[in-house]
Every structure is written in structure tokens, then in C-alpha cells.
Amino acid sequence: MMYFQLAWRNIWRNPRRTTVIFIAIVMGIWIMISMAALMRGVADGMVRQAIKTLTGEIQIHHQGYRNDPVVENSITDPSELKPILDQLLPQNAKWTARVRVNAIASNARHSSGVTLVGIDPLSEEQVSFIGKKAIIEGKFLDSQDTHGIILGKALVEKFETRLGNKIVMMTQNTQKEIASRAFRIVGIFKADMADTEKNFVFINLPEAQKMLQLDRGISEIALILPKGHAIADMAAQIKSRLSSSYEVHTWRELLHALSAYLKMFDKSMQLWYMAVFIAMGFGIVNTMLMAVFERIREFGLLKALGMKSVSILWQVLCESCLILVMGMGLGNFLSVLTVYVFNQKGIDLAFLAKGAEFVGMSRIIYPNIGWDDLLIVNLTVWGLGMVISLYPALKAARFSPVKAMSYY
Amino acid sequence: MALIQITDINKTYTQGKIQIHALKGVTISIHSGGFVALAGPSGSGKTTLLNIIGGLDTVDSGTIIVDGHEYQNMRSSQLANLRLYKIGFVFQAYNLIPVLSALENVEFVMQLQGVSSKERRSRAMKILDEVGLAEMYHRRPHELSGGQQQRVAVARAIVSNPSLVLADEPTANLDSETGKGLLMLMKEMNEKKNVTFVFSTHDPMVMNYASRKILLRDGVVVDDV
């Protein structure tokens, strides 16, 4: 209590100086957390984007499909998977089966390599971005659409076509023969990235199976778990129940580049915290040194009165701690408020859309901060703040009372 | 046994390349209850001797025993404890902690001693009343005159019933009337509470209040009456 009372009054002896360092700490915390939230938002957006773009959180394939994604490596009888998934997956988990094959789309004027995806419209909508919400013109597929196809806006523009027009899809079937079929554009979708709009076309799953002569075969099963569920654990459980003719992968295994980026992201965040702290740290040391040197005689008096060196050390550290805690309090409040405000509406990066797409970022970033980020920032500032305050505190503790009291 | 027993102490300071012999073979014995003045001109070694008695400074040779504690064998933390419990200080200037009120300044030493808040408040108020500052207990040092500040310092020095109070030129910054008042207060506390006072001065008026005068010149005791 004595330390706290003295510390509180001492830090307000020079309100201007305390205010300056207080603002520096608030700004430091605010910048650290806000930037971390923005970067976390970018990372989350990239993950969300990747998962929504036909990856899912877990995928099941036939053995060898990932190395050679051809129709011959399809899952021939998915019916044996259904009871296992129904048994293992939690109640709110969603999954869908797809046929996915490389194809050539063409019309009278243009042709282009695309990924032809055969989907079950009802279940697909719950697992990936493609669904009624993504349709900007026409309608989403339904089970009656035997010749219906959904194209992305960018591909429609590239092909100079429109809703209701025909488009021919050509690919290789399981017999290694060319399979070709005309479809009518029933819907046009919009995605966050133009590449997605250009690369994917969607038809009904049974039509894809017919075209490729797959019978009941599928290329993959993609699934999404309820929020907070351990993806790797579930993948391991599914794997343990399936025969060796299946492969089970999490999105981290499927998206190597993104996984590597996320690992690098955590390290770069720590470097970012350190960089901001170093700038802030000089301010803290400088302020505390000034506060100590202008009170040399007072420290001499305290020692003469019987205060031990270690108590003087605590006294100065207590002053640093108070400034740090106050700055951290307001800094955290402002940061969380900033993150909350921007998290509600998101930050529209439309002006950076091309560049953002290049690195797989979504157009709208939702800054997001986790408790672990907040904890790391606060521990970094408080912990290192106290460590660097040891220098002025030790200076104060080591003054000889006689020299200190004769200091002018 | 004497409260303070100083035997053949020597103290040399180095200022740049010059060695200053502040004390040369000083031997003094002061008994409990004394009101002793260390007199002498500037540079005679009064403050150095007070600092050494208070355990704030060390000697090159010789022995100091205060209240049965021989300093040579004590660590700095033990000396701090001795100052905290046995010795009160009144300095010439900059005596009080500026961010604390008069009452809190008086309480401070007891706070370091771990006295309960209730007890230290009542003791501090009582002593402030005795030094005539009960009405000003809430004032910060800058709201008090020089004389009032010195009275608070005396109150703080004696509030925890030390064996010894050391005062380094306590009246040097005060006008003669205020200085006289402070000396009378110190004398009163010396008689009433039987606290030993050792103070330095070069003012003949101040020396007249002392029951014993030790005259120092160039670091040597030249008279002791």
C-alpha cells in the first residue's frame, strides 16, 4: 500500500512527462493489437476463403487421387462412407460429395480450361461458397437441372456469353474417351476472387457421374465441422475407421502454402510486437531515468530514514508498473473497441482487390483478435516494460545516501 | 556504557587528485540523554562525523559503536535497520518527502517499521500536536514554512522513540527566531522523552543550547566542554 501510494503520487509529480509516456504506451498497445487484429483478420480471411473455395476442413479421397487427380482415382462406392461419417461426425457437421475433374469449356467464340464440379446443390451450399447466396443472375442448381450449368461472372464475361446460352464441356471419362456435353447457363455466380469465377463451373452431381461414366463414383467428400471442433482429431478418427484405399486430409495438409504462411504469420507477429515495444521501451527507460535522477536527494533521504535498497527498487518498479498498467488498460480498451467496430462491417479492400486476390486474401477483411494475442501483447509490454525499468530502479537503489543527499 | 563510542576514526575523501582528511583520529564518547553540539567552521568534519555516527558513511579506520552495535561488522541492510529503529535524522534542507503530507511524512518511518495504520496515525497526530502543527497535518511540505518543515522533520525523527536523533545544521536555513524555536523544541523533546540529540552547527547562539559542545577543526577534536 505504501509503495502504491508513493508511486501514484510520484508519477503525477510531473503530469506532462507521465502523460507523454502514458500516451506512448496507449499508442503502442493500440497499434500492436489493431495491427495484429488486422493481420489476424487477413489470415482468417485467407483460411475462410480457402476452406469455402471447395476445400472444406477435411477431405476424403481415394488413395492416389491427390497425387494424380484423374477420374480413375475416384471413390467408386461412397455408400460405405456414409454410415461411418454419420456415426463419427458431430450433430452440426456438414458434408458433401463431389465430382471434380479438369475440363475444357467452350462456346462459339472462346474456349478455356476449367474445373468441372459435379455437386449436390443442397449439401454443397452448406459446405462451400457456391449456393443461392453466390448467384447474382439466374438461379442455383436444383435436382431437375439435367442440363443446367452455373458459371462464374468472370468466365461469362470472358466468354462474352449470358444466361440461357449454351456452353460445351469436354473432358475425359473413365474409359479414357473424350466425353462432351452441352449445358445451358442457368445461373451466374460471384465469388470473392475472380480466379474462382474463372476456374470453376458447376453441374449436378448425377449429370457429372453420367458424363464421366462414373456410375455412383465421386472424386471427394468435403466436410465442415461445428465451430471449435478439433479438425485434426476428427480427421484422425475418420482415418482410423476407413480402409487403406482412402486418404483423409485436413485443410492444413491440403493447403501447404497457406499453412506455411500461417506458421510464419505467428512468428512475424512476435517480431512486430518486439519492434513496437523497442520503440516504446526507449520512452519508458528515458522517462523513468529522468524521474529517478531528478529525485536523487529524495532517494538519499529515504535511505537515511532506513528504507532498504530493495525497497527503493520496488518503489521505482511500482511507479513503472502503474504507468504500464494504466497505459495497457486504456490501450486495450481502445484496441478492442477499434477491432469490434471494424469487425462488424469489415474493411473493404476493393481498391486493392487485384493485389489482394494475388495472395488469396478476401476482399473484405474482418479484423479479429484472440485472447491469446491480447495476452501475448500485454505480457510483452508489461514483462519487458518491467525488465527495462529495472535499470533506472537499480540506479535508484544503488545511490549512496551521503552522495545522494549532497547532490545538486 | 556510552550510547555512542567512537574510537580513533579516520576518514579521507578523494576529490580528483586531492586527498582530503575529513577526520583524523577522532575519539568521542556520548552518553544517553545528552544534547550535544558538534561545532566548528565549515569543512571541519561535523557533517562527516554525523554521517558516520548515522551509518550513512564509512570510516577508513577506527571503531564506531552506537547503542551496542559495532558498525564495522554490519551489512548495509543491518545499518538501514539500525537507522530505522534507533536513529532519527533532521537535515539542513530537503528533509521531507514532497508528495506526502506532514502527517504522512511523520507516519512514514513507522510505516517502514510495519506499525499498524491506526497506531501510527494516532502517534503521528500526537507528536504533530506536541510540535505545534496539529492543525497543519494535511499540508504538503511546499505548503509549510521552513521552520514548520523542520518541526515536521523533528516530529518524524522522534515519533518512533529512537535512542538518538542526529541533526545536521537544523537551523542553518531558518531565521534566528524560528531557529531558536526549533532548538527549544529539540531541547524539550530531549528532556521530555530522554532522546539523545547530536547536532552540528557553527552558530554560537545554537551552541549555547547544548549541554555539551565538541569543537572540531580540520577533522580533529580541539575542545570538548
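Biologist: In which handedness of crossing does α5(B) pass α6(B)?

Modeller: The crossing of α5(B) past α6(B) is right-handed, meaning that the near helix is turned clockwise from the far one by less than a right angle. Please note that this is a predicted model, in which local features need pLDDT of at least 70, side-chain atom pairs count only at pLDDT 80 or more, and totals for chains, interfaces and linings use all residues. Residues are numbered from 1 along each chain as its sequence is written, chains are lettered from A and ligands numbered from 1 in the order in which they are written, and side-chain values use heavy atoms, without hydrogens and water.

Biologist: At what angle do the axes of α5 and α6 of chain B cross?

Modeller: Helix α5 (residues 146-158) and helix α6 (residues 176-193) of chain B have axes that come within 10 Å and cross at roughly 15 degrees. Axes are lines fitted to C-alpha atoms, for helices over the stretch in contact, and angles run from 0 to 180 degrees between N-to-C directions. Helices are DSSP runs (H or I, at least four residues), as are strands (E, at least two), numbered from the N terminus. α5(B) is therefore roughly parallel to α6(B), a term for angles under 35 degrees.

Biologist: Which residues of α5(B) meet α6(B)?

Modeller: They are Gly147(B), Gln150(B), Arg151(B), Val154(B) and Ile158(B), where contact means heavy atoms within 4.5 Å. Their partners in α6(B) include Leu182(B), Leu185(B) and Met189(B).

Biologist: Moving on, how many residues does each chain give to the contact of chain A and chain B?

Modeller: Chain A gives 19 residues and chain B gives 26. The area buried between chain A and chain B is about 2,100 Å², that is, the accessible area (1.4 Å probe) that two parts lose on being put together, summed over both. Carbon and sulfur atoms give 68% of this area.

Biologist: How many salt bridges cross that interface?

Modeller: The rule finds one across the interface of chain A and chain B, a salt bridge being a side-chain nitrogen of Lys or Arg within 4 Å of a carboxyl oxygen of Asp or Glu. Arg9(A) and Glu104(B) meet in a salt bridge, at 2.5 Å from N to O.

Biologist: And what is the count over all chains?

Modeller: The count comes to 33 salt bridges. One of them joins Glu160(A) to Arg109(A), with the closest N and O atoms 3.9 Å apart. Glu160(A) lies in the loop between α5 and β6 of chain A and Arg109(A) in the loop between β2 and β3, so the pair ties together parts that are 51 residues apart in sequence.

Methods
Angles under 35 degrees count as roughly parallel, over 145 as roughly antiparallel, 65 to 115 as roughly perpendicular and the rest as oblique.
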